[in-house]
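Subject: Structure handover

Hello,

Here is the structure for you to look at. My notes on what was found in it follow below.

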Amino acid sequence: PSSRPQCPFHTLGPAASLKRRISEREPLQVARLVIDTGSGDTVVFGEVHCDNRDNEFFNHELAGRECFVYQNSSSFKFNVQGLGRRVNSACTIEAEGHPGAYCREALLIDGYKAEVGCELAWEDAQFADLDGMPDQEMIRTDICVVNDTTSEGFKMRYWNNTQGTLGMFYHICAPGQGEAKCETPYPALLSTLPRSVGHTFTFDFNPPGIPSYMHFGVPEEGWKGMQWSETQPIPLVGRTTAYSAPYAFHSFEIYDMSLCGANLLSNYSSHWTAMVDTGASCLSLPEEFFQMVTAWVPALECVSERVQGYDNTECKDSLCSEFNNLTICYLAEGASADDLPVLSFRLSEKGSELHLPLSGLIVNDRPSGRPRVCVNPADSIAMFRREEIKSFLFFPKISFGTLALRNLHITFDMEATTVGLRNKVTYDVSTNAGLCAEPVSCIGAQSPYPAKNLCIDPPCEQVYFHVLDESRKTCRISNGFLVSVIITLVAFALAEIALSEIYDKLAHKLTSNYTATG
């Protein structure tokens with residue numbers, strides 16, 4: 001509890017969840033939604049997905065509370081034309097068997113693609129359990145109701161113990177023509193917050209057993225020690241006229257991302273774009289950075305696997321006869337959380353260090369029951385160097401999920417479009433040495449590459465007629481070149497001998513002819 005406006009929530013399954021009231025009719029229906037800074041739509045599960053459907057991997061019925069039943073709401077209205085400024089535009093109008101515009105909602109959660117089908121609608125709603133704040137008035141907002149059986153049960157496990165998603169992108173919300181509108185960076189459901197709290201909110205994520213909070217306005221501890229990111233050039237609708245967009249990620253630049261004394265960014269850039277995705281739980285890294293982490297942490301054992309009926313991955317072929325595997329990093333045999341080092345980074349070149357202990361990423365969510373470290377590989381940087389896709393919006397970012405934020409207070413300033421981070425515990429990263437892999441020793445002409453803890457062989461192929469000596473790791477003249485040189489020299493020698501013989505014979509013949517004529 002706090003004198004400042006805040007909202008208690010729980011870290012359940014892959015995300016943070018929050019209570020929300022739906023419908024103006026008594027008794028009020030209440031749904032607990034994932035607060036997702038990595039998406040922008042409000043998705044609510046209907047009664048079809050209310051029970052556990054004999055599936056051990058998910059459960060949307062919370063403490064006996066039923067899921068949202070739109071038939072019991074007098075304020076509910078299907079959005080037949082698909083009106084409104086929504087993040088997802090993949091909707092079919094007048095789809096057979098669907099009274100509302102039918103949309104596919106696809107979220108990328110910790111490397112898993114979770115996709116559901118839902119119908120657009122309008123509803124009167126409000127937040128519940130906002131401490132330190134008067135009851136909020138009902139507001140007209142757009143929602144997408146998941147109420148059919150096309151969304152297989154195993155895909156729904158990503159929302160385990162929750163009943164939907166509340167997207168928290170930066171965006172100017174306009175629920176639709178003829179409906180209520182709002183002109184704040186918040187989604188419509190938060191547009192009735194008092195002006196005194198501004199457009200700033202803070203997350204305080206904690207391990208199970210310790211309450212987690214979402215604070216509105218100034219956080220409980222104030223701003224002391226908060227490190228702020230650079231302002232992001234986000235062209236939101238209503239602020240600019242050219243190149244404006246209805247939403248944007250909560251992104252920021254990070255510097256000097258280091259692990260075990262090695263700067264993971266050194267071979268690519270002085271800084272890298274990161275984002276906060278509270279709809280996920282893991283730390284997701286571009287594939288190249290992920291490989292650097294695994295190279296330095298011997299306590300990680302990363303394998304490629306896919307559990308049928310549990311993992312939802314993309315197809316390898318057009319017929320979906322095979323599916324891609326996932327990369328899962330388990331704790332190595334005999335290793336524990338104490339064997340994992342601390343990752344550090346900064347929000348500016350000279351900013352204070354921020355710390356992410358990898359021990360805070362341990363979860364036990366695999367069917368095998370074996371603990372894993374929640375760090376995932378994302379897209380490779382190399383694939384975005386191709387001319388045809390290098391301008392895509394979704395350039396591979398570093399993504400911080402809820403587990404990756406447990407040692408950090410994180411604040412979102414929706415007006416200034418900046419993100420603030422502050423350590424809860426400051427670590428001495430120099431003590432990581434005993435938890436890291438032994439630095440490799442280079443020989444010969446090899447060059448050390450600290451980021452991946454490996455030695456790079458000299459580029460002998462760039463020197464004419466040279467190859468790498470594997471045993472000494474130096475460049476030497478190739479055997480083929482030596483053989484060709486010897487053959488060439490022998491050929492020249494034989495040619496010299498042959499020419500000498502010819503010269504002697506000609507000289508002898510000329511001498512004989514001269515004597516005969518004399």
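Trp-272 is buried, at 7% relative accessibility; buried means under 20% relative accessible area, exposed over 50% and partly exposed in between, with a 1.4 Å probe and protein chains only. This is a predicted model, in which local features need pLDDT of at least 70 and side-chain atom pairs count only at pLDDT 80 or more, while totals for chains, interfaces and linings use all residues. Residues are numbered from 1 along each chain as its sequence is written, and side-chain values use heavy atoms, with hydrogens and water left out.

Aromatic rings

Rings of Phe, Tyr and Trp (its six-membered ring) pair if their centres lie within 6.5 Å; planes under 30 degrees apart count as stacked, over 60 as edge-to-face and the rest as tilted. The count by this rule is 15 aromatic pairs. In one of them, Tyr-268 and Trp-272 have ring centres 6.4 Å apart and planes at 80°, so the pair is edge-to-face. Tyr-268 has a relative accessible area of 27% and is partly exposed.

Phe-465 and Phe-481 make a stacked pair, with 4.1 Å from centre to centre and 15° between the planes. Phe-465 belongs to the loop between strand 31 (454-456) and strand 32 (466-469) and Phe-481 to helix 2, so this pair ties together parts that are 16 residues apart in sequence. Helices (H or I, at least four residues) and strands (E, at least two) are DSSP runs, numbered from the N terminus. Phe-481 is partly exposed, its relative accessible area being 25%.

Elsewhere, Phe-201, Phe-203, Phe-205 and Phe-412 are linked by ring pairs into a cluster. There is also a charge over a ring: Arg-306 lies over the face of Phe-323, 4.2 Å from the ring centre. The rule there is that NZ of Lys or CZ of Arg is within 6 Å of the ring centre and within 35 degrees of the ring normal.

Helix 2 covers residues 479-517 and contains Ser-484. Ser-484 is partly exposed at 33% relative accessibility, and a polar atom of its side chain lies 2.6 Å from the backbone oxygen of Phe-481. Leu-482 is in helix 2 as well and is partly exposed at 39%. Together, Tyr-464, Phe-465, Ile-477 and Leu-482 make a nonpolar surface patch of about 460 Å². Patches are made of residues with over 30% relative accessible area and no salt bridge; like charges are joined within 9 Å, and nonpolar side chains (Val, Leu, Ile, Met, Phe, Trp, Tyr) within 5 Å.

A buried threonine

Thr-37 sits in the loop between strand 3 (29-36) and strand 4 (42-45). Thr-37 is buried, with a relative accessible area of 0%, and its side chain reaches the backbone oxygen of Val-276 at 2.6 Å.

Salt bridges

The structure holds ten salt bridges, each a side-chain nitrogen of Lys or Arg within 4 Å of a carboxyl oxygen of Asp or Glu. Asp-124 and Arg-140 form one, with the closest N and O atoms 3.3 Å apart. Asp-124 is in strand 8 (residues 112-127) and Arg-140 in strand 9 (residues 139-146), so the bridge ties together parts that are 16 residues apart in sequence. Both Asp-124 and Arg-140 are buried.

Arg-366 forms a salt bridge with Glu-305, the closest N and O atoms being 2.9 Å apart. This pair links distant parts of the chain, 61 residues apart: Arg-366 is in the loop between strand 24 (362-363) and strand 25 (372-373), and Glu-305 is in strand 20 (residues 300-305). Arg-366 is buried at 4% relative accessible area.

Lys-473 pairs with Glu-470, with 3.0 Å between the closest N and O atoms. Lys-473 is buried at 15% relative accessibility, whereas Glu-470 is exposed at 54%.

Backbone angles

Most residues other than glycine have a negative phi. Lys-473 has a positive phi near 55° and is placed in the loop between strand 32 and strand 33 (474-477). Cys-260 is not a glycine either, and has a positive phi of about 60°. Cys-260 is in the loop between strand 16 (251-259) and strand 17 (262-263) and is buried, at 18% relative accessible area.

Regards

Notes. Polar contact = N/O pair within 3.5 Å; in protein donor to acceptor, adjacent residues only side chain to side chain. Areas by Shrake-Rupley, 256 points an atom, 1.4 Å probe, with all protein chains shown as cover.
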